[in-house]
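Please look over the sequence and the model before reading on, and keep both at hand while you work through the points.

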Amino acid sequence: MDDDRGDRRAELAGSHARVTARIEAACAAAGRPAADVRLVAVTKTYPAADVLHLAALGVTDVGENRDQDAAPKAAEVRAAGADLRWHFVGQLQRNKVKSVVRYADVVQSVDSVRLARALADAAGRLRERPLDVLVQVSIDGDPARGGALTGPGADPEVALDRIAAAVAEAPALRLGGVMAVAPVGWQPEAAFERLAEVAAGLRAAYPAATAVSAGMSADLEAAVRYGATHVRIGSALLGKRPGLR
Ligand SMILES: *Cc1c(COP(=O)(O)O)cnc(C)c1O
C-alpha cells in the first residue's frame, strides 16, 4: 500500500473511531444499548476506495444520494469483494428506479405513492429479494421541500398513510419505517421528537416498521435521544464535501 492510501486509511480510522464513540455516548446518555443504532456512512462524492477503507474498519452500511455516482461505485466495491448494505438516501427520479433497485438494499427516500409504485414494479421484475423502503417524512410540512405529509388535508399522493399502504401492499417491497432530515432553522430535538411521534403512529399500523433514520454529522446525539435506529453520517466520517452536496 502506498503512503497516500495508508494516510487516508489512518484518517478514516480516526474519524470512524470518533463517530462510533459519539454514537456510543449518545446511546449511553439515552439509556439505550449501542447495538440499537446503526451507522450508515454517507459516502456521496467520495470514491469507492474510501468505501473499501470503511468496510475494512467494520462499516456495514453505506448511503448514497445520486444514482449516477452510486451505481458504478457499488459495482466497484462489490467487485473488490466487499459485501455492504447500500442505502439510497437522495431524491429519486422515477427514471432512475430501474437502476437503483439493482444495487440498493434500502431506499430511504420514498415520498410519493407514484414512486412507491414505480419501485414496487421495478423491484418485482429485477430483484430476487424484497427491497426495504423507508418513507421520508416532512417534519415541517412544507410541501415545497419534499417528504411525506401527515394530518388531514394532505395531498393523497404524498400522504404518509397512503404511501405506507402502497409500500405495504407490494410483495416486492418491505416497509421498514421512516426517515427524515431536520429542517434548517429547527432545533434538532424538536424535529426528532416530532419524527418520533410520526414513527410511533406508523408502527401502530405496521408493527414491523421499526426503523427511524434520523441524525447526520451535526445532530446525531439529538436523533439518538429521540429514538433513531439509523444515523446517516457523511462529513464527520469522510470530511467536508466541496459544494452543497
Ligand atoms: C449528505 C446526507 C447526509 C450526511 O450528511 P452529513 O451532514 O455530511 O453527515 C445524511 N442524509 C442525507 C439525506 C444526505 O443527503
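What follows is a short briefing, grouped by topic, on a predicted model.

**Helix H5**

- Helix H5 runs over residues 113-126, and its 14 residues reach 20 Å from the first C-alpha to the last, which is close to the 20 Å expected at 1.5 Å a residue.
- Its buried residues are Val 113, Leu 115, Ala 116, Ala 118, Leu 119, Ala 120, Ala 122 and Ala 123.

**The nonpolar cores**

- The largest nonpolar core has 73 residues, and the members that touch the most others are Val 107, Leu 119, Leu 173, Leu 195 and Val 231.
- H5 gives this core its largest share, namely eight residues.
- Apart from this core lies another one, of five residues, among them Val 89, Val 106, Met 179 and Ala 211.
- Leu 195, when residues up to four places away in sequence are not counted, touches Val 137, Ile 139, Val 178, Ala 180, Val 212, Ser 213 and Ala 214.

**Ile 163 in helix H6**

- Ile 163 is found in helix H6, and with a relative accessible area of 0% this residue is buried.
- Which residues does Ile 163 touch, not counting residues up to four places away in sequence? They are Val 110, Asp 111, Ser 112, Val 113, Val 135, Ala 148, Glu 157 and Val 158.
- One of these, Val 110, lies 53 residues from Ile 163 along the chain, while the C-alpha atoms of the two are separated by 8.1 Å.

**Arg 8 in helix H1**

- Arg 8 is found in helix H1, which covers residues 3-30.
- Is Arg 8 buried or exposed? Arg 8 counts as buried, because its relative accessibility is 17% and the cut-off for a buried residue is under 20%.
- The side chain of Arg 8 is joined to that of Glu 11 by a polar contact of 2.6 Å.
- Leaving aside residues up to four places away in sequence, Arg 8 touches Tyr 46, Asp 50, His 53 and Leu 238.

**Thr 45 in a loop**

- Thr 45 is found in the loop between strand E1 (38-42) and helix H2 (48-56), and this residue has a positive phi of about 75° although it is not a glycine.
- With a relative accessible area of 36%, Thr 45 is partly exposed.

Notes
Residues are numbered from 1 along each chain as its sequence is written. This is a predicted model: local features need pLDDT of at least 70, side-chain atom pairs count only at pLDDT 80 or more; totals for chains, interfaces and linings use all residues. Side-chain values use heavy atoms; hydrogens and water are left out. Helices (H or I, at least four residues) and strands (E, at least two) are DSSP runs, numbered from the N terminus. The expected span of a helix is 1.5 Å times one less than its number of residues. Buried means under 20% relative accessible area, exposed over 50%, partly exposed in between (1.4 Å probe, protein chains only). A nonpolar core is a set of buried Ala, Val, Leu, Ile, Met, Phe, Trp, Tyr and Cys residues joined through side-chain atoms within 4.5 Å. Contact means heavy atoms within 4.5 Å. A polar contact is a pair of N or O atoms within 3.5 Å; within protein, one must be able to donate a hydrogen and the other to accept it, and residues adjacent in sequence count only if both atoms are side-chain atoms.
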